[in-house]
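Here is a short briefing for a reader who is new to this structure. Take a look at the model before reading on.

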Amino acid sequence: MVDYSKWKDIEISDDEDDTHPNIDTPSLFRWRHQARVERMQEQEQRKATIEKKKQTTVEKLKEAKEKLQRKEGNLEELRKVVDELEREQERVRQEEDELRKKEVLQPWNVDTISKPGFAKTVINKSAINRKDEELSDEQKELNLQEFIKKYEKQLKQFGMLRKYDDSKKFLQENHHLVCEDTPNYLVIWCIKLEMQEKHELMAHVAHQCICMQYILDISKHLEVDPRACVASFFQRIQEAEAEYKNQFLGEIEAFKERIRKRAQEKLQKLLEEQEEEERKARLGPGGLDPVEVFESFPEELQKCFETQDIGMLQEAMAKLPPEEARLHLQRAIDSGLWVPDAKSAPDPAYAEVKSKGEDSKPAEADAEKE
């Protein structure tokens, strides 16, 4: 599994100008780097343990056989010791074979990558990578924007390629794409495709993104120019055994799941932003949301506004306590549900509630209702 937390907070917009504030670290797969180092250390420790056990067994077996030849001590016991040591020697050999097999299947480390092609491409650590790390976030963002603006057509061409040989040839002919900016762009594109429900295309672009990230991953382990790793990667993935290929495909699936989750989060955020914009657009003159105000009304008042029946509204208002009626009507005015005509006589319902609010005597209130 790969930790895709680096892409958790990617923000994208329609023009892609403000979509990458967090795509700025040297590697998109930091966990995989650390996990591989730990696995290699464990294998080295196991190899040392097996080698030590092997040497100890050989020495003890040699010593027991010599005693048996010289007929020293209990011969029957010596024969049992020799048999047991020979079985132990076979067990150690099996452990050694299993470890060797795992080393062969170990993906992309110094022992499993052919090195001759890199002999003339080693770069010192003060070169491009260090310069990138010294850049500010703003400068990295500007650089990525410039890269996308300059090479977006080629980036999309690479993302659409279907065959390994075509991808290898394309990258060898366009070596400027073999850099961190390419998977960064492909991640953004994948999120957009998923948001547009173009699931199959997203899955394919995700495959190309992981291919590019593997190439960059190799270059970091070997401390070589990533352009020198293109041919080795495609040769390795095409000739890979089932276990290695399954691991590669597993990382693609994990990446696609991360894209789906991020796209869903983004869609939810866009929906919330749209709802907020719609809410602000429908605010009444007093700054209240008519939907919220309507839902806060008693059921009888809601029916009045639904049917737009002024007579029914006057009757419903008359049944309420003066303060409550005045509050509901004021909220209706502030939300735009009720618009009193200031150029003519006051609206009946408005005048009714206003009169009730100004005079709290029950008799007078009843007279007004009549």
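The notes below go from the whole chain to single side chains.

This is a predicted model. The protein chain has 15 helices and zero strands. Its average pLDDT is 75, and 37% of its 370 residues count as buried.

**Overall build**

- The accessible surface of the chain is about 22400 Å². Carbon and sulfur atoms hold 48% of that surface.

**Confidence**

- A pLDDT of at least 70 is reached by 72% of the residues.
- Helix H5 has the highest confidence, with a mean of 93.
- Helix H15, residues 362-369, has the lowest, with a mean of 38.
- Residues 108-131 stay under 50 in pLDDT. The model gives this stretch 36 contacts beyond four places in sequence.
- Residues 342-370 are also below 50. Beyond near neighbours in sequence, that stretch has 28 contacts in the model.

**Nonpolar cores**

- In soluble globular proteins, nonpolar side chains tend to be buried together.
- The largest nonpolar core here has 44 residues. Leu171, Ile215, Phe233, Phe248 and Phe255 have the most contacts inside it.
- Two or more residues of this core come from each of helix H4 (137-160), H5, H6, helix H7 (199-222), helix H8 (230-239) and helix H9 (242-281).
- H7 gives the largest share of this core, twelve residues.
- Ile215 reaches several residues beyond its neighbours within four places in sequence. Its contacts there are Leu171, Val178, Pro226, Cys229, Val230, Phe233 and Phe234.
- A second, separate core has 15 residues, including Leu313, Ala316, Ala325 and Ala332.

**A buried glutamate in a loop**

- Glu180 lies in the loop between helix H5 (164-173) and helix H6 (181-195).
- Is Glu180 buried or exposed? Glu180 is buried, because its relative accessible area is 18%, and buried means under 20%.
- The side chain of Glu180 makes a polar contact with the side chain of Lys220, at 2.5 Å.

- Side chains of opposite charge can pair when their charged atoms come close.
- The structure holds 18 salt bridges.
- Glu84 and Arg87 form one of them, at 2.8 Å from N to O. Both residues lie in helix H2 (residues 75-105), three residues apart, or about one turn of the helix.
- Glu84 is partly exposed at 36% relative accessibility. Arg87 is partly exposed at 45%.
- Glu88 and Arg91 form another salt bridge, at 2.5 Å from N to O. Glu88 and Arg91 are three residues apart in helix H2, so about one helical turn separates them.
- Arg91 is partly exposed, with a relative accessible area of 37%.
- A network of salt bridges links Glu84, Arg87, Glu88 and Arg91.

- Glu265 and Arg262 meet through their side chains in a salt bridge, at 3.4 Å from N to O.
- Both Glu265 and Arg262 lie in helix H9, three residues apart, about one turn of the helix.
- How do the two partners sit? Glu265 is partly exposed, with a relative accessible area of 33%, whereas Arg262 counts as buried at 6% relative accessibility.

Technical notes
Residues numbered from 1 in each chain as written. Predicted model: local features only at pLDDT ≥ 70, side-chain atom pairs only at ≥ 80, totals over all residues. Heavy atoms only, no water. Helix = DSSP H or I, 4+ residues; strand = E, 2+ residues; numbered from the N terminus. Buried < 20%, exposed > 50% of the residue type's maximum accessible area, 1.4 Å probe, protein only. Areas by Shrake-Rupley, 256 points an atom, 1.4 Å probe, with all protein chains shown as cover. Polar contact = N/O pair within 3.5 Å; in protein donor to acceptor, adjacent residues only side chain to side chain. Core = buried A, V, L, I, M, F, W, Y, C linked by side-chain atoms within 4.5 Å. Contact = heavy atoms within 4.5 Å. pLDDT = per-residue confidence, 0-100. Salt bridge = Lys/Arg side-chain N within 4 Å of Asp/Glu carboxyl O.
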